[in-house]
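I opened this entry to work through the two chains one at a time and then the place where they meet. My notes follow in the order in which I looked things up.

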Amino acid sequence: MKLVRLRDASRPRIALTLEGAPIEALQGDTLLTALLAADAGHLRNSEFGDGPRAGFCLMAACQDCWVVVEGLGRVRACATLAEDGMEVRRG
Amino acid sequence: MKVAVVGAGPAGVRAVERLVAAGLSPVWMDEAPDGGGRIYQRPPAPLARDARTLYGFEAKRATAIHDTLDALKPRTDWRPETLVWHIRAGAKQMQALHRGAQQRIDFDAAILCTGAMDRVIPVPGWTLPGVTTLGAAQIALKAQGCGIGRRVVFLGTGPLLVLVAYQYAKAGAEVAAVLDTTPFATKARAAPGLLLGGATFAKGLYYTAWLKRHGIPMVEGITPLAIEGDAQGVTGVRWRDARGREQHTACDAAGMGWGLKPEAQLADLAGVPFRHDAVQANWVPVRDDAGRTPVPGIYLAGDGAGIGGAEVAELAGARAALALLQDAGHRIDPIDTVTLDRRLAGLARFRAALERAFPFPAHLARSLPDDAILCRCEGLRAGELRAAARAEAATGPAPEMNRAKAFTRVGMGRCQGRVCGAAAAEILAAELGRPVPRIGRLRGQPPVKPIPIVAGAAP
């Protein structure tokens, strides 16, 4: 899944990492936006082996966008603002 | 008197406005970092579009809600980023989580304005990255300036379907198709009632006409067959048209939804009974027209108390606050309550027509193929629920949703059946040959959303 930036795209840049690889994002992005507007493609893999997941409801209800942030633990990517320097792992 | 209000969407804002006007300073909590709810969600700084771009025809209403919200914050115990995850009505106590820290909130009375989420019918392939709810597609654009893909199919039914498609097309995304599962004839039959909606109805017509004028394919009465994809995500949607011909639309994302369902878990934990509303095809918490529940001290307003939309939510929030104040011995202007009641009754008639225009297509849920994922949290397939239902029916006493959950894990996962619950009930009902109201509903469990295990209840 690739989010496409359509509006409000001229914002200060921030840098984070996903599994150690650099991700460039914009200030004001949620983690979900930061990762999926870059080339992460997905956020986690289903525990039941049915494939990758990348969130579904974007309103903090479905819990399908869990990722792990160093120092914060498990968070919902749709409800967590991305911050410069965040180290993220797939959930 | 200690009053707690959960939620700062249109209902919560108007409820708190009345409480503050009566001299109270409630504890006011919202899980999000800001108020406004989902409909009037403000993007985080430094996103900076104006209200007209963000909210379209609703800009005036959105701005009014935001202005009131901001004025009320310093006059209340305003607590954003606070997830209320349990409520005990007898003990008059809530448990909440704020940035990893537990809070206990004691109250004499509470107004729950917990909102709604998309009602979803699973489609084969719906767990692929690139498939979201309609609400999610809208939030991505509104709060983040992003489209869920470059070329998007919108699938489902209801007012949100054409609205989101219109917003995407306006923002420069390619809308590959708007696939409406409701046949034209169903909507046409409801048209006289829809006229009661006046401006709301007119806006819907405007979006539809705009989309058609811009050459966006809009098809009614379709049956979704599958969302197809590969390792990269969605590649297309397969569907059947009203004449039975199979069609394929290439796309890299799909947004889908069939109306809304109340987020009523806290009302459930508070002990409010539920009834099955046949017009809405939703389980809704029992309350009177003013928002009073059978549980003393618990009041409900907004979509969390039954789907009514944002305009209703504002009125219902104000009305519930007046009911609370009246019950607490405050003097209330009777003209005020009569006016609110009359406006609410008028809007309820329009809402009923809207539900008839876009009825929940239970048959689509019931015909989900056996090998399709039904419960996305637990990776449970439709056939597994059907098999368990058949085995159960042969032996045990009357099976219902919570038994089915125990046997199959349907709705037991991280979302607690928010997403799959409606479809699972239809599948179980069909398999057992019973109506949905007799299948029951998944009971709420604390915490209403997952919280870290280290975060135990506050003393």
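What radius of gyration would a compact globule of 459 residues have, and what does chain B have? I looked this up before anything else. A compact globule with 459 residues would have a radius of gyration near 23 Å, and chain B agrees with 22 Å. The radius of gyration is taken over C-alpha atoms, and the globule rule is 2.2 Å times the number of residues to the power 0.38.

Ground rules. I am reading a predicted model, in which local features need pLDDT of at least 70, side-chain atom pairs count only at pLDDT 80 or more, and totals for chains, interfaces and linings use all residues. Residues are numbered from 1 along each chain as its sequence is written, while chains are lettered from A and ligands numbered from 1 in the order in which they are written.

**Chain B, overall**

I noted 15 helices and 23 strands in chain B. Helices (H or I, at least four residues) and strands (E, at least two) are DSSP runs, numbered from the N terminus. The C-alpha trace of chain B spans about 65 × 60 × 45 Å along its principal axes.

**Chain B, a parallel sheet**

I looked up one sheet of chain B. It is open, has five strands in the order β9-β17-β11-β12-β13 of chain B, and its pairing is parallel. Two strands pair if DSSP finds at least two bridges between them. At the edges are β9 (131–133) and β13 (218–220) of chain B, each pairing on one side only. From one strand to the next, the twist averages 20°.

I then checked one pair in this sheet. β9(B) and β17(B) (residues 253–258) pair in the parallel sense over three bridges. Thr132(B) has Gly255(B) of β17(B) as its bridge partner.

Which strands does α5(B) lie across? I found β11 (151–157), β12 (174–180) and β17 of chain B, with α5(B) running at about 170° to β12(B). Axes are lines fitted to C-alpha atoms, for helices over the stretch in contact, and angles run from 0 to 180 degrees between N-to-C directions.

**Chain B, two helix pairs**

I took α4 (residues 134–144) and α5 (residues 159–171) of chain B as one pair; their axes come within 10 Å and cross at roughly 30°. The two helices are therefore roughly parallel; angles under 35 degrees count as roughly parallel, over 145 as roughly antiparallel, 65 to 115 as roughly perpendicular and the rest as oblique. Among the residues making the contact are Leu134(B) and Leu141(B) of α4(B), and Leu161(B) and Val164(B) of α5(B). Two residues are in contact if their C-beta atoms, placed from the backbone, lie within 7 Å. Ala, Val, Leu, Ile, Met, Phe, Trp, Tyr, Cys and Pro count as nonpolar, Asp, Glu, Lys and Arg as charged, and the others, Gly among them, as polar.

I also looked at α6 (residues 184–194) and α10 (residues 334–357) of chain B, whose axes come within 8 Å and cross at roughly 175°. These two are therefore roughly antiparallel to each other. Their contact includes Ala190(B) and Leu194(B) of α6(B), and Ala353(B) and Arg356(B) of α10(B). By class it has six nonpolar, two polar and two charged residues.

**Chain A**

I found one helix and eight strands in chain A, and along the sequence they follow the pattern β-β-β-α-β-β-β-β-β. The radius of gyration of chain A is 12 Å, close to the 12 Å of the globule rule for 91 residues, so chain A is as compact as a globular protein of that length.

Five strands of chain A form an open sheet in the order β3-β2-β8-β6-β7, with mixed pairing. β3 (21–26) and β7 of chain A stand at its edges with a single partner strand each, so one side of each is left without a neighbour in the sheet.

β6 (residues 66–69) and β7 (residues 73–76) of chain A pair in the antiparallel sense over four bridges. The bridge partner of Val69(A) is Gly73(A), and that of Val67(A) is Val75(A). The hairpin has three residues between the strands, and Gly71(A) takes a positive phi near 90° there.

**Where the chains meet**

I have 38 residues of chain A in contact with 45 residues of chain B. β1 (4–5), α1 (31–37) and β5 (52–53) are the elements of chain A that give two or more residues to its side. That side has 18 nonpolar, eleven polar and nine charged residues.

Last, I checked pairing across the two chains. β1(A) pairs with β10(B) (residues 146–147) in the antiparallel sense over two bridges, and Arg5(A) has Cys146(B) as its bridge partner.
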